[in-house]
Amino acid sequence: MPQIANKENILTKKNERKHEIGVDADNPDVVMEVWIRDITFLDVQKATQTMFHMVDGDIVLDLQGYWSYAFTNWVVKTNPELSTAEMLELSAYAGEQIASLLPKPEEVAEAMQGGFTKANS
């Protein structure tokens, strides 16, 4: 049975991708920079825990919990620099722009079922 020659092939890359996003719907010249890191298998597990809760025997979807987790764990740097509290107080427009760079809740739910291993994921 062949062995893996390079363990880097099975580890999440420590990539942080820089993105420039518009943050003012009325002025496309107003931008900020955000760095998003690659997510790991365990990130998917933790994000799912923040997204689904059991309440009186029912599963409840908590999108605020999911996005709070995503913004504070996968956005590693911003310019201008924002604190964790400030990240959670972004305007709807700026938050939407950052959210578009992050995995969507349905993608994370799919990943829980092996979605990251599908050919087109």
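Helices (H or I, at least four residues) and strands (E, at least two) are DSSP runs, numbered from the N terminus. The model is predicted: local features need pLDDT of at least 70, side-chain atom pairs count only at pLDDT 80 or more, and totals for chains, interfaces and linings use all residues. Residues are numbered from 1 along each chain as its sequence is written, and side-chain values use heavy atoms, with hydrogens and water left out.

**View 1. Nonpolar surface patch.** Strands S3 (52–55) and S4 (58–61) each supply at least two of the patch residues.

**View 2. Loop between S3 and S4.** Asp 56 lies in this loop, and its phi is near 50°, a positive value in a residue other than glycine. Most residues other than glycine have a negative phi.

**View 3. Contact of H1 with H2.** The axes of H1 (residues 41–51) and H2 (residues 63–74) come within 7 Å and cross at roughly 145° (lines fitted to C-alpha atoms over the stretch in contact; angles run from 0 to 180 degrees between N-to-C directions). Asp 43, Lys 46, Ala 47, Thr 50 and Met 51 of H1 meet Gly 65, Tyr 66, Tyr 69 and Trp 74 of H2, contact meaning heavy atoms within 4.5 Å.

**View 4. Salt bridge between Asp 38 and Arg 17.** The closest N and O atoms of this pair are 2.5 Å apart (a salt bridge is a side-chain nitrogen of Lys or Arg within 4 Å of a carboxyl oxygen of Asp or Glu). Asp 38, in the loop between S2 (31–37) and H1, and Arg 17, in S1 (residues 16–22), are 21 residues apart.
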